[in-house]
Amino acid sequence: ALLGAFALGAARAQQAGGFASYFASTHGGPVNITGKTFTYDYKTDTFVVTGDAVVTQFNTILTADQVKLLRREHTLHAKDKVHIVDPLGDIRASEGTLNLNDETAVLTNATITNQDKSYVLKGAKVEKLLGQRYKVLDGFFTTCGCDPGTPDWSITGDQMDVHLGEKATSRNGYFDVLGHPVLYVPYAVFPADTDRSSGFLG
């Protein structure tokens, strides 16, 4: 059932187009939500969509088994088979909470990449900060564009701080070659350059 179209204006926007527009809503465009069943709590102004939930805005599509939209807080919580696609990239996660105002997010069991597969970022927990910065627990990162297949190289770490397009750090991790750990690295600083560094997923 179509829940409706919501104009989710933003306080500010740091980036334009792509996934950033989903969070910032700088164009004041509608957010459309469809699904099998839904409930609405007028006291909290919250929609819960269950079963084949689909959220669209411009060229961004989010799908999940369940979506909860808290309109007053401009927050969206998605769970089970979460998949977010826009012209620049792709996110898959088991669960995610997205702040529609400041483009931040917290993702569980997430894989983040772009359409060119010029980088892959994975983590048991991924916190997206402002811009292109990510804090990752049990992380994996590579800029080897070799999807599908095992990357030529990758870096893992218990804790990672990745600033796409700039640099990244890893703690208590390994440098892997063809999927095999070859060097233990208690602390590493490495480049996180990508072919695209604009947009939320670029």
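1. R71 is partly exposed at 27% relative accessible area. Here buried means under 20% relative accessible area, exposed means over 50%, and partly exposed is in between (1.4 Å probe, protein chains only). The model is predicted: local features need pLDDT of at least 70, side-chain atom pairs count only at pLDDT 80 or more, and totals for chains, interfaces and linings use all residues. Residues are numbered from 1 along each chain as its sequence is written, and side-chain values use heavy atoms, with hydrogens and water left out.

2. R71 forms a salt bridge with D45, 3.2 Å from N to O. The term means a side-chain nitrogen of Lys or Arg within 4 Å of a carboxyl oxygen of Asp or Glu. R71 sits in the loop between β5 (60-70) and β6 (75-86), and D45 in the loop between β3 (37-41) and β4 (46-57), so the pair links parts 26 residues apart in sequence. Strands are DSSP runs (E, at least two residues), and helices are runs of H or I, at least four residues; both are numbered from the N terminus. D45 is buried, at 13%.

3. D161 and R133 also pair, at 2.5 Å from N to O. D161 belongs to strand β11 (residues 153-163) and R133 to strand β10 (residues 133-142), so this bridge ties parts 28 residues apart in sequence. D161 is buried at 16%; R133 is partly exposed at 33%. Salt bridges with shared partners join R133, K135 and D161 into one network.

4. D90 and R92 form a salt bridge, with their closest N and O atoms 3.9 Å apart. D90 is buried at 17%. R92 is partly exposed at 48%.

5. The count by this rule is five salt bridges.
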